[in-house]
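Please work through the exercises below with the sequence and the coordinates at hand, and try each task before reading its solution.

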Amino acid sequence: QVQLVESGGGSVQAGGSLRLSCAASGYTYSPYSMAWFRQPPGKEREGVAAFDSGGTTTYADSVKGRFTISQDNARNTLYLHMDSLKPEDTAMYYCAYAHGILNSWLLNRAMYAYWGQGTQVTVSS
């Protein structure tokens, strides 16, 4: 079992920044993939950014150039650095983990078996 706990959400004004964290524990091993998804109210959950143990990163077009996914040195925590936030970034953000998937599917939510409970991000104009 893999446990994921998100933190770092909050309310900011447009143009501001936030850093989300996802602490992973349990039975984790390489190869693996970790990702951030988000779900605005009334909409489908969508992939935001993903990272795998082979060094691949990928981003949704809507956040490219503004968000950065990274890990700490111990590979225990996943981060999402969010800059130049927009009101349309408002959503519940979820961390997800998978035991190795194809690069082309890194932002496909069906590939992820383990999920955190989410952290709310609200961006006001």
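The exercises that follow treat a predicted model, and they move from strands to charged pairs, the disulfide and the cores.

**Exercise 1. Determine which side chains of strand E1 are buried, and identify the strand that E1 is joined to by six bridges.**

Begin with the strand itself, which covers residues 2-7 and whose side chains alternate between two faces.

Next, look for the partner: six bridges join E1 to strand E3, residues 18-26, and the two strands run antiparallel. Within this pairing, Glu6 stands opposite Cys22 of E3.

**Exercise 2. Give the strand order of the open sheet that contains E1, and name its edge strands.**

The open sheet has four strands in the order E1-E3-E8-E7, with antiparallel pairing. Its edge strands are E1 and E7, since each of them pairs on one side only. Neighbouring strands of this sheet are turned against each other by 15° on average, with direction ignored.

At the E7 end of the order, five bridges join E7 to E8 in an antiparallel arrangement, and here Ile69 stands opposite Leu80 in E8.

**Exercise 3. How many salt bridges does a search of the whole structure find, and which residues are joined into one network?**

The search of the whole structure finds four salt bridges. Side chains of opposite charge can pair when their charged atoms come close.

Consider one of these pairs, in which the side chains of Arg66 and Asp89 meet at 2.8 Å, N to O. This pair links distant parts of the chain, with Arg66 in the loop between strands E6 and E7 and Asp89 in the loop between E8 and E9, 23 residues apart. Arg66 has a relative accessible area of 11% and is therefore buried, and Asp89, at 1% relative accessibility, counts as buried too. Salt bridges that share partners join Arg38, Glu46, Arg66 and Asp89 into one network.

Within that set, the side chains of Glu46 and Arg38 meet in a salt bridge of 2.9 Å, N to O. Arg38 is buried, because its relative accessible area is 4%, while Glu46 counts as partly exposed at 34%.

**Exercise 4. Describe the one disulfide of the structure, including its handedness and the strands in which its cysteines lie.**

The structure holds one disulfide, and this bond joins Cys22 to Cys95 with an S to S distance of 2.0 Å. The angle about the S-S bond is -80°, and the link is left-handed. Cys22 belongs to strand E3 and Cys95 to strand E9, so that the pair links distant parts of the chain, 73 residues apart. Both Cys22 and Cys95 are buried.

**Exercise 5. Compare the make-up of the largest nonpolar core with that of the other core, and list the contacts of Met82 and Ala96.**

The largest nonpolar core has 27 residues, and those with the most contacts inside it are Met34, Trp36, Leu80, Met82 and Tyr93. The elements that give two or more residues to this core are E1, E3, E4, E5, E7, E8, E9 and strand E11. Beyond residues up to four places away in sequence, Met82 touches Gly16, Ser17, Leu18, Leu20, Arg66, Phe67, Tyr93 and Val121.

Apart from this core lies another, of eight residues, among them Ala35, Ala96, Ala98 and Leu106. Ala96 is found in strand E9 and counts as buried, at 0% relative accessibility. Leaving aside neighbours within four places in sequence, Ala96 is in contact with Leu4, Ser33, Met34, Ala35, Phe37, Tyr112, Tyr114 and Trp115.

Methods: Residues numbered from 1 in each chain as written. Predicted model: local features only at pLDDT ≥ 70, side-chain atom pairs only at ≥ 80, totals over all residues. Heavy atoms only, no water. Buried < 20%, exposed > 50% of the residue type's maximum accessible area, 1.4 Å probe, protein only. Pairing = 2+ DSSP bridges. Disulfide = S-S within 2.5 Å. Axes fitted to C-alpha atoms, helices over the stretch in contact; angles between N-to-C directions. Core = buried A, V, L, I, M, F, W, Y, C linked by side-chain atoms within 4.5 Å. Contact = heavy atoms within 4.5 Å.
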